[in-house]
Amino acid sequence: MAYLGLWTCQISCSGTLYLNEQSLLCSVRDAKASRIGPFNHCNASSAFMGFSETSRLAQQTSERSKVGFPGSCNDRGVCYCRMAGAVGGIQLRRIFSFILVGLGSWSAPPQATSLAISAPIFAACPDAKERPELAPSLCARITVPLDHRQQDDRQLSLFVRKFPAASHSKGQLWLVAGGPGESGASFYPFLASLRAAAPGYDLMIPDHRGTGFSTRLCEAEEAVGSTAGTALSGAEWGSCFKTLHADADRTRAFSTSNAAHDLQALIDGFAQGGPTFLYGVSYGTQLVLRTLTIAPPSRLDGVILDSLVPPEVDPHWDLSHRSAVVDAVGRRVLASCDRKPSCRAALGGSASAAMRDVIANPKLREVLGDHPKYLFGAMLDVPEVRARIPVILADLRKGKVASLAEAKRRLKQIGSKLLSYPQSSSSIPLVGLISGSESNSRPELTDAVVQREEREFLFASPLPGLLTQPGLPLYKRDDSFGRLPARMPPIIVLQGTLDPKTPIEGAAAQIALLQNRSSVAQVKVIGAPHFLLFAAPDCLVPAVYDFVHGLRARNTICRSVPNRSSL
């Protein structure tokens, strides 16, 4: 889900980067007004940022003639592209969650079946010579059915990259990216931390269907060699959405359940007989749990869940309520300022009152844009930037903008490190398809309702507004939705207490369900946001190390050292 990650948005006309959600929609700047405002056109490209909810989204131009097809936008800056009489809504969702697998060997139930892979062979990756960090990697592909439930001849290709252990391999650690829509490239900036967490293990990083180098929803438009690479640009949006509607059955096959069957095929097909662990982040945790429910691999020794998604059947934390989740976390940050006399004095009173003054001040519109609640909501994803929010508020009330500019600069710097691979772009069509089909408990949601709810918030997310007009051939939830397997391998959950995407309350509700089926331990990271591999590696690495080395996982509390994110 957007639950699943951290999305970033690169605004091409100004070079400004906003870190909003593991699906971040980005409000784009009007080139002439030099401020964030409503979309008037539909030329967008996106690239995943590898955060947990990480991706670069929407690049918009202000000249309709360059777009290639008509579009319209609402007053919150959400753009919908129309083609062939249908409305195609660009939806973004992001929660970056990582699932980590741990302790104790576990075998799949007898009824579980695997897709046989004959003589899986890894070869040198074509891009290994271009990027030093990729030099040790090997690449492979397998072919799987388009729809695992249907007996037909249509197939697609799955890409997987292996980073072999430095010496003799102890086993495999499979890494499942979030999104939906993010590729395995989201893990590449964090290879050092992953090596430290699981030394001696082969790191297995797949691109699940619809992402990265695996078969995409729009094969021509999302190809690496297309106009904007794996992102969409200009007229590609129109032709892509037209293709999605023209073959709706194929589009609907890019579901979470089919991706779960894919994951089983990969893990069983490339199994080497040793210990096998599974790590997922944000939406990746949802995909891992679905895999364990309907297509469990033959062997798993443990599961690691980073930024765990809430129960699927609980409507309180789905994407349509994302702004409420973001606002709750933002208000906790402001409340922490109120408890410090020096912070309260600097703001001349409560931080919430200062926040209301700033976002309502028309004189600050030029520097904050038309959607300041989205901007401040995005700051919650990065601890060092989040900590500066009171300073930014105090400065803005004095007419000073330097601290705000520095926050934006830091977000842009992080984004440049995360969006550097050709396949980094998140698949916006896949984001929209899965988000609309599985992560929206309010299909009747309207723009008017979203606007009314946003008026009550100090911090908000653009994601609810992206659900009001999906414009895609959505699929129906199957009977696996909301289910969990009767038993599972040992599980460790790593969760931040200030996660604005997959809130700790939702994770607690999910853990309560999992505890009836498995041994579950939780590492609660005080003050950490989403995607702990990025935000709190000093807490995640030792916890995962102990887990994969057979030490009994226990419920613990960890305090991450400030400003120690891995980027």
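**Disulfides and a helix pair**

Start with C539 and C558, both of which are buried. The model is a predicted one. Show the side chains of C539 and C558: a disulfide joins them, with 1.9 Å from S to S.

Next, select C218 and C240. These two cysteines also form a disulfide, S to S 1.9 Å. Here the angle about the S-S bond is 70°, and the link of C218 and C240 is right-handed. C218 is in the loop between strand 16 (201-207) and helix 2 (236-246), while C240 is in helix 2, so the pair ties together parts that are 22 residues apart in sequence. Are C218 and C240 buried or exposed? Both are buried.

Move on to C125 and C139. Their sulfur atoms are 2.0 Å apart, and the two residues form a disulfide. With 105° about its S-S bond, the link of C125 and C139 is right-handed. This pair links distant parts of the chain, 14 residues apart: C125 is found in the loop between strand 12 (123-124) and strand 13 (138-145), and C139 in strand 13. C125 and C139 are each buried.

Now select every bonded cysteine. How many disulfides are there? The count comes to four, taking a disulfide as a pair of cysteine sulfur atoms within 2.5 Å. When the bonded cysteines of the protein are numbered in sequence order, the pairing reads 1-2, 3-4, 5-6, 7-8.

The axes of helix 8 and helix 12 are 10 Å apart, and the helices pack at an angle of about 50°. That angle makes helix 8 oblique to helix 12. The crossing of helix 8 past helix 12 is left-handed.

Which residues make the contact between helix 8 and helix 12? On helix 8, select A351, A354, M355, D357 and V358; on helix 12, select L393, L396 and R397. Colour this selection by residue class: the contact of helix 8 with helix 12 has six nonpolar residues, two charged and no polar.

Methods:
Residues numbered from 1 in each chain as written. Predicted model: local features only at pLDDT ≥ 70, side-chain atom pairs only at ≥ 80, totals over all residues. Heavy atoms only, no water. Helix = DSSP H or I, 4+ residues; strand = E, 2+ residues; numbered from the N terminus. Buried < 20%, exposed > 50% of the residue type's maximum accessible area, 1.4 Å probe, protein only. Axes fitted to C-alpha atoms, helices over the stretch in contact; angles between N-to-C directions. Parallel < 35°, antiparallel > 145°, perpendicular 65-115°, else oblique. Left-handed = near helix turned anticlockwise from the far one by under 90°. Contact = heavy atoms within 4.5 Å. Nonpolar A, V, L, I, M, F, W, Y, C, P; charged D, E, K, R; others polar.
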